[in-house]
Amino acid sequence: MKHPGENQQGTTTAPGFDDTTPLAREISELTRRRQVIAAEQLPKPEQTRVITISNQKGGVGKTTTAVNLAAALSRQGARVLVIDLDPQGNASTALGVEHRAETASVYDVIVNDMELAAVVQESPEVGSLYCVPATIHLAGAEIELVSLVAREQRLSRALAHHLKTMDDPYDYVFIDCPPSLGLLTINAFVAAREVLIPIQCEYYALEGLSQLLKNIELIEKHLNPELTVSTILLTMYDSRTNLANQVAQDVRDHFPDQVLSTLIPRSVRVSEAPSYGQSVISYDLNSAGSLSYLEAAAEIARRGAPRTGEAQ
């Protein structure tokens, strides 16, 4: 016979607490996910993984994804650099680094040949997380790059030199792109080996994606043969709507090997965090949005890890 104050498993609970309600089940599931994340030791890549986060469609969570994946991996012990290549400077804001007009930034690197090491700032986030900020000057860089020699390789060469001269190179470099396919985004594609595409689980989610993939294919063919679309992340997911579920399934059908199993939900906490100069990982570690980004980061780390311990 079950005693008062016990749940179905016989575990004592607070008087009046009903663990069969949707809220109780949600709390239980979040607790389970936290425990799984806390217990996992993520593999580190053998060499620096450079990942460009891009989608020409605005408002799909590019910057949010760049910042929170970086913070999640950093919290798990990786050394991570975020390069803010968007003139809006939102990634710089979210990581709490200085990016006023007079600040040395990525603009000085790609236009004025300043060394990348001279503009890297350490983020106040937990862990070894660094940022190359963007300032308002980057807004004019598209025009200035047109007349420069090797205009498509400016960022690639600067990053390669920086990594080569480091005693302890980064495990991951994330490049946050503007929502366009101009010279800044081309620089990001040439500098990276991987492309991560965030796709929102809403109507028109796949609109423009074919053009983005064609451009990536052209970059791969003419400028960077090592470039590949390695990851697609579904964002702004609302499980209560049939539309979100349908979009998620459509994307999985089109890109079965690239889509992460983790879904990033719509979350107030995720939206609030940048206004405090933080990622959601440090703003509210226990929120559903934070846990989802931690899980997505873990999935990316495991996918990129060398294959060891295979069955004989």
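**The second largest pocket and its setting**

Author: Nine nonpolar, ten polar and three charged residues make up the lining of the second largest pocket (nonpolar: Ala, Val, Leu, Ile, Met, Phe, Trp, Tyr, Cys and Pro; charged: Asp, Glu, Lys and Arg; polar: the others, Gly among them). The model is predicted, with local features requiring pLDDT of at least 70 and side-chain atom pairs pLDDT 80 or more, while totals for chains, interfaces and linings use all residues. Residues are numbered from 1 along each chain as its sequence is written, and side-chain values use heavy atoms, without hydrogens and water.

The space in this second largest pocket is about 380 Å³ (a pocket is an open set of points on a 1 Å grid over the protein atoms alone, where a 1.4 Å probe fits, with protein on both sides within 12 Å along at least five of seven lines; lining residues have an atom within 4 Å of a point; volume is the space filled by probe spheres set on the points, joined across faces, edges and corners). Its lining has 22 residues, and G59, V60, G61, T64 and M236 lie closest to the centre. At least two lining residues come from each of α2 (62-75), β7 (228-237), β8 and α10 (268-272) (DSSP runs numbered from the N terminus: helices H or I, at least four residues; strands E, at least two). The greatest contribution is that of α2, with three residues.

Twelve of the 14 residues of α2 are buried (under 20% relative accessible area, 1.4 Å probe, protein chains only). Among them are K62, T63 and N68, as well as L69 and L73. After α2 comes G77, with a positive phi near 105°.

Helix α1 gives the most, five residues. By class, the lining of the largest pocket holds five nonpolar, three polar and eight charged residues.

Key
Buried < 20%, exposed > 50% of the residue type's maximum accessible area, 1.4 Å probe, protein only.
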